[in-house]
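Here is a short report on one protein chain. Please look over the sequence and the model first.

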Amino acid sequence: MSDTVTTPVTEARRSWLREHSELGVSLLLLVIGVLVLTDALTMDVDIAQRGPVGPRTVPVVVGCGLLVVAVLLAVDVLRGGRGEAEGGEDIDLSEPSDWRTVLLLGGVFLAFAALIGPLGFPVAGALLFWGSAFALGSRHHDRDPLIAAVLSVVTYFVFNNLLGVPLPGGPLMGVL
């Protein structure tokens with residue numbers, strides 16, 4: 001049997017990391033910002049696209065914003081700033097996680113990803129919205145499927161027809 005021996009240097013390092021754990025959030029924001037900027041700047045844009053606002057504008061602004069927030073957060077944490085403790089949350093941290101809900105939501109999202117191609121967004125989206133409501137505890141079996149179907153069709157029309165973002169219509173392509 002080997003006992004783990006901790007040195008004062010190791011303890012000091014762990015203590016420093018615990019006190020500055022918000023740097024992890026800063027690092028995550030930095031990585032996401034770099035990914036967004038890289039994706040935006042390597043995006044293929046049609047040469048005929050004119051005007052000051054193109055498809056790269058919003059991702060570049062968001063990516064730069066993420067980088068600025070990451071740096072500002074890191075500076076604040078290194079100067080001794082600490083996030084407020086979660087006092088207003090209505091959560092009992094002593095209770096175990098609700099893995100049933102997590103697994104149901106994961107299954108609903110995987111089913112949506114698998115079904116959006118063959119069934120199209122209106123049908124797969126309705127199943128996503130209804131399945132999510134069910135997984136989160138709604139038991140209105142008469143109302144939820146209707147709301148999910150309406151929400152899915154409205155979302156399809158907004159993205160497909162108003163915003164010009166083509167979504168797969170599936171078998172309902174001719175009907176809608």
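## Basis

This is a predicted model: local features need pLDDT of at least 70, side-chain atom pairs count only at pLDDT 80 or more, and totals for chains, interfaces and linings use all residues. Residues are numbered from 1 along each chain as its sequence is written, and side-chain values use heavy atoms, with hydrogens and water left out.

## Overall fold

The chain has five helices and zero strands. Helices (H or I, at least four residues) and strands (E, at least two) are DSSP runs, numbered from the N terminus. Along the sequence the pattern reads α-α-α-α-α.

Of the 176 residues, 19% are buried. Buried means under 20% relative accessible area, exposed over 50%, and partly exposed in between (1.4 Å probe, protein chains only). Contact means heavy atoms within 4.5 Å. Among contacts with a separation of 6 or more, 57% join residues 24 or more positions apart.

## Helix H4

H4 covers residues 99-135. Its 37 residues would reach 54 Å as a straight helix at 1.5 Å a residue, but the end C-alpha atoms are only 11 Å apart. The expected span is 1.5 Å times one less than the number of residues.

A kink of about 135° lies at glycine 120, shortly before proline 122. The bend is the angle between axes fitted to the seven residues ending there and the seven starting there. Glycine 137 follows H4 and has a positive phi, near 115°.

## Nonpolar core

The largest nonpolar core has seven residues: Val108, Phe112, Phe121, Ala124, Leu128, Tyr156 and Leu167. H4 gives the most to this core, with five residues. Such a core is a set of buried Ala, Val, Leu, Ile, Met, Phe, Trp, Tyr and Cys residues joined through side-chain atoms within 4.5 Å.

Alanine 124 touches Phe112, Leu115 and Ile116, leaving out residues up to four places away in sequence.

## Aromatic pairs

The structure holds three aromatic pairs. Rings of Phe, Tyr and Trp (its six-membered ring) pair if their centres lie within 6.5 Å; planes under 30 degrees apart count as stacked, over 60 as edge-to-face and the rest as tilted. Phenylalanine 112 and phenylalanine 121 are edge-to-face, 6.0 Å centre to centre with 90° between the planes. Both are buried.

Tyrosine 156 and phenylalanine 157 have ring centres 6.0 Å apart and planes at 65°, so this pair is also edge-to-face. Tyrosine 156 is buried at 2% relative accessibility. Phenylalanine 157 is partly exposed, at 31%.
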